[in-house]
Amino acid sequence: MAEPVAKDPVCGMDVETASAAHRHDHDGQTYYFCGARCCARFAERPADWLSGKAQAEIAARAPQDARYTCPMHPEVEQIGPGSCPKCGMALEPMTFSTEAEPNLELIDFTRRFWIGGVFALPLLLMAMGDMLPFLSFHDWLGAGFGWTQLVLASPVMLWAGAPFFVRGWQSIGHRSPNMFTLIALGTGAAYLYSLVAMVLPGLVPDAFRSPHGAIALYFESAAVIIVLVLLGQMLELRARERTGDALRALLNLTPDVALRIDADGAAQEESLESIVTGDLLRVRPGDRIPVDGWVTEGTSAVDESMISGEPMPVTKSGGDLVIGGTVNGTGSFVMRAENVGADTMLSRIVDMVAQAQRSKAPIQRLADRVAEWFVPLVVLAAILAFVVWSVWGPPPALAFAVVAAVSVLIIACPCALGLATPMSVMVATGRGASAGVLVRDAAALESLARVDLLLMDKTGTLTSGRPSLTSLIPADGFDADELLRLAATLERDSEHPLGAAICKAADERNLEWGTLSDFSSFTGKGVSGQVDGRTVSLGNAALMADLGVSLGDLQDSADALRGDGATAVFVAVDGQAAGVLAVSDPIKETTPVALAALRDDGIEIVMVTGDNRRTAEAVAAKLGIDHVEADVLPADKEAIVRRYQESGRRVAMAGDGINDAPALARADVGIAMGTGTDVAMESAGVTLVRGDLSALVRARHLATATLRNIRQNLFFAFVYNAASVPLAAGILFPFLGILLSPMAAAAAMSLSSVSVIGNALRLRNVKL
């Protein structure tokens with residue numbers, strides 16, 4: 001069962017309440033935070049954060065010269081927020097900070113949706129109730145029925161839907177028709193026709209009146225469509241907002257302060273902004289390293305998994321590079337600041353992720369490309385119908401002309417177009433969730449269905465990401481269980497992953513712990529101590545040489561284990577070589593079968609890892625992977641993805657660490673392991689919940705089925721409506737005397753929407 005999740009009231013990120021390290025109680029309620037920075041800011045003024053006042057102040061302080069760009073058209077840039085002149089989407093900031101600025105458009109659209117819904121719901125009930133003989137609002141209200149609809153629909157059209165009409169008008173001015181052009185035309189035509197029918201009913205010919213003389217109105221169609229489009233925009237804005245959360249999560253890895261050493265050698269706590277290149281900084285045990293730099297004094301083991309993705313801590317001593325945001329172990333050291341501010345590796349990763357995210361092309365572009373032709377053709381057809389009926393139509397010619405033109409515009413209403421992609425994605429994501437696959441958006445599904453090359457990280461993706469004891473070779477005269485018991489007792493208080501793997505193996509064999517005394521640690525070499533009165537040492541060959549222990553044949557055994565991708569450590573008992581232990585990151589059980597299925601589906605697989613080449617090639621050989629890219633840095637992974645893309649390949653990238661985030665964002669589709677870091681999952685289009693590659697096979701099948709379904713929906717949305725336009729224009733009237741009324745046009749429009757929804761629902765039963 002998933003842990004309960006709460007919203008950070010400062011930055012809006014999701015926080016798992018059970019594991020949250022930062023929380024604050026206010027007015028009897030507990031609030032949870034992603035980091036100390038958000039918690040401290042909330043504690044200063046909780047009422048302002050809860051009321052939205054603090055967020056509004058942040059928005060007011062936003063720099064006036066901040067540059068914004070369109071996520072669908074990266075070439076569009078401007079100073080300050082606004083909407084894209086090509087597609088109408090809200091522009092996004094090109095730079096990010098640790099402070100989550102409120103999404104003003106999401107706030108505005110949410111308000112418009114709820115208020116518009118209050119007016120649209122009675123309209124829908126009136127229209128539906130009027131179809132039932134025992135529930136006729138028309139009979140109840142009499143002459144006030146139409147005027148009531150007008151009063152209810154007008155706020156929705158004139159206020160709730162105002163942004164759509166503004167953007168639709170702008171699209172015409174920019175000569176770039178898009179979704180908002182269709183929305184404005186369709187709903188505007190329905191509303192204006194109904195308004196004319198109410199205010200000037202004489203213009204409507206008798207042929208379009210009921211036997212009782214009533215005129216069909218379409219106020220509810222226009223209002224409900226506006227509210228539904230607002231709902232779609234809200235969902236889209238919420239999804240796009242998560243990309244900012246990923247970047248803020250990266251930036252929040254750096255601490256707020258650093259210990260700067262002054263001329264007298266004393267360490268003073270200073271804000272991170274005041275640190276400059278050349279400053280000497282002290283890093284205490286357990287601290288996050290504040291900036292990139294070089295160790296000048298001391299030794300420690302540093303957890304660099306957030307950068308390298310590798311679980312083994314790296315020993316750092318004089319002259320070694322340390323990276324800001326990584327976690328220091330139990331030692332303490334002094335470092336000289338080298339890269340600070342925007343020059344740190346974390347900041348560069350943020351920039352790469354942001355640029356890669358902006359370079360993606362969502363599947364909605366397909367709808368916009370068709371709309372570029374569809375909208376002008378519909379308008380032309382409406383004008384042509386008006387002219388033809390005005391000149392050659394029977395009396396009253398003008399009334400017939402107006403009705404024919406309105407029918408054309410109503411039947412071309414983009415309701416089905418707006419549902420085509422979201423409905424398929426909604427059903428597919430629900431189906432995928434039940435199969436352990438989380439999908440961010442339609443673009444990810446489309447890209448996953450098209451990929452022909454899969455780049456895969458090793459640790460945590462192909463392997464479990466959790467080191468374990470895989471081999472134990474005792475020397476002559478030593479028992480394997482006794483050897484493991486002695487080693488585990490020696491390592492039981494160790495925080496090193498190697499020691500944890502040894503202790504876990506002893507627990508699994510139900511071995512009893514011994515009594516440990518005189519424990520000693522040799523930095524970079526190993527440990528030693530007295531276990532039940534026996535001298536036990538565990539470490540590398542250098543430690544054994546220092547102790548004067550001859551390894552003999554165990555050295556060859558260790559070399560063989562290393563060639564198999566394992567880390568080998570020696571054990572000595574009472575000055576005699578007792579055995580060798582191998583700790584490695586095992587390959588997931590489902591990995592070989594999943595890779596075989598992906599190859600059968602025509603996908604080439606390449607391993608891309610920061611691990612050393614010998615270990616990487618050993619793992620690749622076991623899995624039948626022919627091509628390996630090893631010893632790569634985070635920037636290298638992103639560059640490798642770009643290189644393959646430039647060669648014409650459609651690339652998917654699978655990974656689980658922060659080091660994979662730029663590559664995940666740059667790839668046509670990023671695939672994150674649910675067992676990995678939050679940043680990797682936020683940067684990816686697809687997340688495999690259990691970190692099981694068999695779910696990737698299911699995700700590929702789902703993507704293929706979804707893309708096919710979306711294409712079918714677009715066919716229904718465009719071709720069906722386009723085929724109906726000539727009927728609405730009256731092409732059958734000269735031959736059969738049939739003229740499609742606006743009521744029939746609205747029914748045809750609704751039928752196309754029903755076709756799209758019904759087709760999308762078939763994805764619930766797709767076999768994965």
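1. Val 388 counts as partly exposed because its relative accessibility is 33% (buried is under 20% relative accessible area, exposed over 50%, partly exposed in between, with a 1.4 Å probe and protein chains only). Val 388 lies in helix H12, residues 364–392 (helices are DSSP runs of H or I with at least four residues, strands runs of E with at least two, numbered from the N terminus).

2. This is a predicted model, in which local features need pLDDT of at least 70, side-chain atom pairs count only at pLDDT 80 or more, and totals for chains, interfaces and linings use all residues. Residues are numbered from 1 along each chain as its sequence is written, and side-chain values use heavy atoms, leaving out hydrogens and water.

3. Six strands make up an open sheet with antiparallel pairing, ordered S9-S8-S10-S16-S11-S14 (two strands pair if DSSP finds at least two bridges between them). S9 and strand S14 (321–322) are at the edges with a single partner strand each, so one side of each has no neighbour in the sheet.

4. Strands S8 (residues 257–261) and S9 (residues 267–271) run antiparallel and are joined by five bridges. Across this pair, Val 257 is opposite Ser 271 in S9, and Ile 261 is opposite Ala 267 in S9.

5. The hairpin of S8 and S9 has five residues between the strands. Gly 265 in this hairpin takes a positive phi near 90°.
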